[in-house]
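Q: Can you walk me through this one? I'd like to start with the charged pairs, then look at the helices.

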Amino acid sequence: MTEQKYPLNWKKKDFSIKIFCSIPNIATGILLKAGDAHFVIDPGDGILRDLNKELGVKKLLEISDVFVTHGHHDHVGGVWSLLTYLRVMQKKSPLTIHYPDGCVEIESIYNAFKKVYSRSITYKINLKAIKKTNGFTTNNITVKPFPVIHKEYLSTGKMRQVPALGYNFIYDGAKICYGGDTAYCEELVVHARNADLAILEAGHDDETPDDMHMTMNEAVAIGKSAKKYFLVHVPE
Ligand SMILES: [Zn+2]
Ligand SMILES: [Zn+2]
């Protein structure tokens, strides 16, 4: 299981996930459905186009939660247009954005959005910085975040760990484990094991392990411990 064609779909009764795309440095976009509830994960560039096509306006306006794994542009590039679209279409119900504590990208986008549209925002936005990886339930889905290892280069050439999470999503006895962007790490190994679906990045472009992405062999090794797995974020 190497090359995957997007979108990727998985479904168990009325719990389903659709990965519109997951291309490193370009864009990610994921829609999660649990019963009547819709959630968005890692809204990269193009998410609005994909959600509009998939859901139509009415259901798009009912999206209750957004889950962000980390602030890299290929995971948050669509947040501005999503927030703005929901305002233009006069969303009334609140939207909660869950993100790793310290993710300045999400807080900056939110602050700029609030500043620009201070007089015309029609819905409440709850920013939920995840500080502790305790599980919680929102709109009938149980969410268990976990820390992962993901770094980025500074202009000095040094690397720094970015605030980064993976998420377990649990509904009706089934579990989806999404690792986000991560190097091989024990947390992911533990959480992916026996998951009904593990979504694993294989973003490294060769087989030399590093602290940014998993190699294909690392991702496959973890994937085999789950009931089913998708490899995503594979360089194109
Ligand atoms: Zn990425
Ligand atoms: Zn990243």
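**Salt bridges and helix packing**

A: Start with aspartate 196 and lysine 12, whose side chains form a salt bridge at 3.1 Å, N to O. A salt bridge here is a side-chain nitrogen of Lys or Arg within 4 Å of a carboxyl oxygen of Asp or Glu. This is a predicted model: local features need pLDDT of at least 70, side-chain atom pairs count only at pLDDT 80 or more, and totals for chains, interfaces and linings use all residues. Residues are numbered from 1 along each chain as its sequence is written, and side-chain values use heavy atoms, leaving out hydrogens and water.

Q: Where do aspartate 196 and lysine 12 lie?
A: Aspartate 196 is in the loop between H5 and E14, and lysine 12 is in strand E1 (residues 8–12), so the pair ties together parts 184 residues apart in sequence. Helices (H or I, at least four residues) and strands (E, at least two) are DSSP runs, numbered from the N terminus.

Q: Is aspartate 196 buried or exposed?
A: Buried, at 10% relative accessibility. Buried means under 20% relative accessible area, exposed over 50%, and partly exposed in between (1.4 Å probe, protein chains only). Lysine 12 is partly exposed at 36%.

Q: Which lysine forms another salt bridge with aspartate 196?
A: Lysine 227, with the closest N and O atoms 3.6 Å apart. Lysine 227 sits in the loop between H6 and E15, so this pair links parts 31 residues apart in sequence. Lysine 227 is exposed, at 60%. Shared partners join Lys12, Asp196 and Lys227 into one network.

Q: How many salt bridges are there in the whole structure?
A: The search finds 9. Among them is glutamate 62 with lysine 58, at 3.4 Å, N to O. Glutamate 62 is partly exposed at 40%, and lysine 58 is exposed at 64%.

Q: Switching to helices. What is the angle between H1 and H3?
A: About 30°, with the axes 12 Å apart, for H1 (residues 47–61) and H3 (residues 79–88). H1 and H3 are therefore roughly parallel, a label for angles under 35 degrees.

Q: Which residues make the contact?
A: H1 gives Leu48, Leu51, Asn52, Val57, Leu60 and Leu61, and H3 gives Ser81, Leu82, Tyr85 and Leu86. Contact means heavy atoms within 4.5 Å.

Q: And H6, how many of its residues are buried?
A: 6 of 8, so H6 (residues 216–223) is largely enclosed by the rest of the structure. Its buried residues pack against helix H5 (186–192), strand E14 (197–201) and strand E15 (229–232).

Definitions and conventions:
Chains are lettered from A and ligands numbered from 1 in the order in which they are written. Axes are lines fitted to C-alpha atoms, for helices over the stretch in contact, and angles run from 0 to 180 degrees between N-to-C directions. Angles under 35 degrees count as roughly parallel, over 145 as roughly antiparallel, 65 to 115 as roughly perpendicular and the rest as oblique.
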